[in-house]
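Colleague: I am new to this one. Could you walk me through how to read it?

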Amino acid sequence: MAEKGQAARFSKVCRISDRHVLRIDGQEFEKLPVVSGWEEFEDMGNDTFDVAIVGYGPVGKGLALMLSRRGYSVFIVERWDEPYPFPRAVCMDHEIRRVMNSLGLGDELAKVSAPSPRYQWFGAQGQMLLDIDWTVESVSGGPEAYFFHQPSLEAIMDREVRRVSDVQINSGWEMIDFNQDGDGIKLRIRQRVNPEQTKTISAKFLIGADGANSQVREQSGIEWQDLGFQADWLVVDVLPNEGVELRVPEAGQSCKPSRPTTFVPGGIENGRRHRRWEFMRLPSETMEELQQPEKVWSLLSPWVGPHEAQLIRHAVYTFRSRVAANWRNGRVLLVGDAAHLMPPFMGQGMCSGLRDAWNLTWRLDLVLSRKADAAILDSYSEERKDHVTEVINLSVQLGKIICVADEAEAAARDQIFLSGLAPPPPKFPDLKTGLLYQPRGYLSPLAGQLCVHGQVSAKSTSGPYDAIVGAGFSIIGWEHNPREKLPQEMVDQLEGLGANFVAVHAQRPASASSKALEDVTGKYEAFFRSSGLSSLVARPDFYLYGVARDATCLRDILQQLLRDLGVHKASGVALRRDAPSPARDRAI
């Protein structure tokens, strides 16, 4: 195998016909269609990369940063020369904020975002139907949500990615086609403005982060599953003039049947706060009519006028609900809008894409470093598809409440809310399938929930748990170090996976080891005492794999984790033997 940074030469890779089956690490996959009929790759001198990513939007940038932080080489293909200059996503939940912080972006992100205010819904007559407090402390630490300026966020991410020597960004290039065998991917690309200029590279995995019209998905023969929602909305971004105070609630929904409308913060750019409005297209309106500047200002007129703000952009989007039938085909995987589309009523489009990338990254890390079996990539597809489908369905349900254009139907809806008969807002979904502790086929209590995250202190420092302990699996014991009651062989295996064994105390004993932490705010104590637990096992993406009441239960959980990861079957799919994720032995 070629070491990182060395050229890999392939004299021939055999074409596998559409009737053949591709075998990777003992698993069988339908062969991806060969789209251009090429049967051999010429003898090339191009580098072999760990991962190739098609698409360099926020999800592609996030994935590239996550992988490069773990020491992997990444090849990026982006068909446009410049990033899209206007905001699309504006909302980031606490989980994704924690991901951004763990990538070292917290300080920069604070300059372009702000914590969410309360989120309020108003009925046909302006009555408050719903008041959701997003300012409360979340399980991840900090408030439930934030509003950010997407172009500024992407610029931050891009700068970080470009600082890494092992990432190659090819802007203005587009994918022609790809082929795969049991050893890797061959990807052909061309310059968009000069199609005669082509490249061929090889990679261990190919990730489609290329959006709703994904060529990776289409060339993989993966179909959309339509979940049945479609609506046209005008999205408007406004920059208020200096000193202007707008006449609008900070964040909410107007559910008037005459014009369902969303209004939220639009993040911060160069110290100035943007605003976002979204207006539903009515049946009597055409797409063209809705996009005329005069029409846009007319819709904005209850809150802001042309003398008070600058119109940054306006466009009509068709909100859809779709999910890819499968997210993995051999060494090809999908993330973000290439795998799912949803209406924006939960603010989860970009969040879900970054959640895909974060979920996939730790799996690829273990597979590429030969620490786990490639079968864990199947649980990525299962886990993320089921979870995002539930998120999409919740978004659709909210959309059906908001997108009511009939006055009688809107009045009936409002009466249900005002009478107190409306059910409470649904809880955000936990993971229910995938790589979770499931003894005897049943999901263990609390498995699939996000792990509690709070402020801790060590001997000489304090801060958020992630900043003090670092990445990887976390095996946390309340008032004890869980490793002390485990067989040494199991400890060695888990530390070989990069696991952290951590004791958290209400008050850190003076004689405690360097691995002991103090629970500064009482968040961990509240979790453990309320649930009657002694320890927990959290995955690298912050989800609980399982929780234990005693040492015997913890051993069972960790033994099953090793089985689920296929540690005993870990196969030689890495490019190099010097694994980029060594066991952590931090002096905390």
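Modeller: Start with a cut-off. A residue is buried under 20% relative accessible area, exposed over 50%, and partly exposed in between. Take E479: its relative accessibility is 36%, so E479 counts as partly exposed. One caution: this is a predicted model.

Colleague: Where does E479 lie?

Modeller: In the loop between β24 (474-478) and α12 (488-496). Check its backbone too. Most residues other than glycine have a negative phi. E479 is not a glycine, yet its phi is positive, near 65°.

Colleague: Which loop holds L446?

Modeller: The one between α10 (407-418) and β22 (455-457). L446 is not a glycine either, and it has a positive phi of about 75°. Its relative accessibility is 24%, so L446 is partly exposed.

Colleague: Step back for a moment. How many helices and strands does the protein chain have?

Modeller: There are 14 helices and 28 strands. The chain has 588 residues, and 58% of them count as buried. Its accessible surface is about 24,300 Å², with 48% belonging to carbon and sulfur atoms.

Colleague: And how do I read the contacts in the chain?

Modeller: Look at separation in sequence. Take contacts between residues at least 6 apart: 72% of them join residues at least 24 apart.

Colleague: Now a helix. What span should the 12 residues of α10 have?

Modeller: Count 1.5 Å a residue; the expected span is 1.5 Å times one less than the number of residues. For α10 that gives 16 Å, and its end C-alpha atoms are 16 Å apart, which agrees.

Colleague: Which residues of α10 are buried?

Modeller: A410, R413, D414 and F417. They cover an arc of only 100° around the axis, so they sit on the same side of α10. Their cover includes β8 (128-132) and α9 (376-402).

Colleague: What should I look for at the ends of α10?

Modeller: At the start, find D406. One of its side-chain oxygens comes within 3.2 Å of the backbone nitrogen of A408. After the helix comes G420, with a positive phi near 85°.

Colleague: You mentioned β8. How many bridges join β7 to β8?

Modeller: There are 4, and the two strands run antiparallel. β7 covers residues 119-122. To see the pairing, find F122, which stands opposite M128 in β8. The hairpin has 5 residues between its strands, and G126 there has a positive phi near 85°.

Colleague: Let me try a single residue. Is S202 buried or exposed?

Modeller: Buried, because its relative accessible area is 4%. S202 lies in strand β13 (residues 198-208). Its side chain makes a polar contact with the side chain of T48, at 2.7 Å. Then compare sequence with space. S202 and F178 are 24 residues apart in sequence, and their C-alpha atoms are 9.5 Å apart.

Colleague: One more. Which strand holds L341?

Modeller: β21, residues 340-341. L341 has 15% relative accessibility, so it counts as buried. Leave out residues up to four places away in sequence, and L341 touches A212, W224, R320, S321, R322 and I392. Look at F319 as well. F319 and L341 are 22 residues apart in sequence and 8.0 Å apart in space, C-alpha to C-alpha.

Methods
Residues numbered from 1 in each chain as written. Predicted model: local features only at pLDDT ≥ 70, side-chain atom pairs only at ≥ 80, totals over all residues. Heavy atoms only, no water. Buried < 20%, exposed > 50% of the residue type's maximum accessible area, 1.4 Å probe, protein only. Contact = heavy atoms within 4.5 Å. Areas by Shrake-Rupley, 256 points an atom, 1.4 Å probe, with all protein chains shown as cover. Arc of directions from axis to C-beta. Polar contact = N/O pair within 3.5 Å; in protein donor to acceptor, adjacent residues only side chain to side chain. Pairing = 2+ DSSP bridges.
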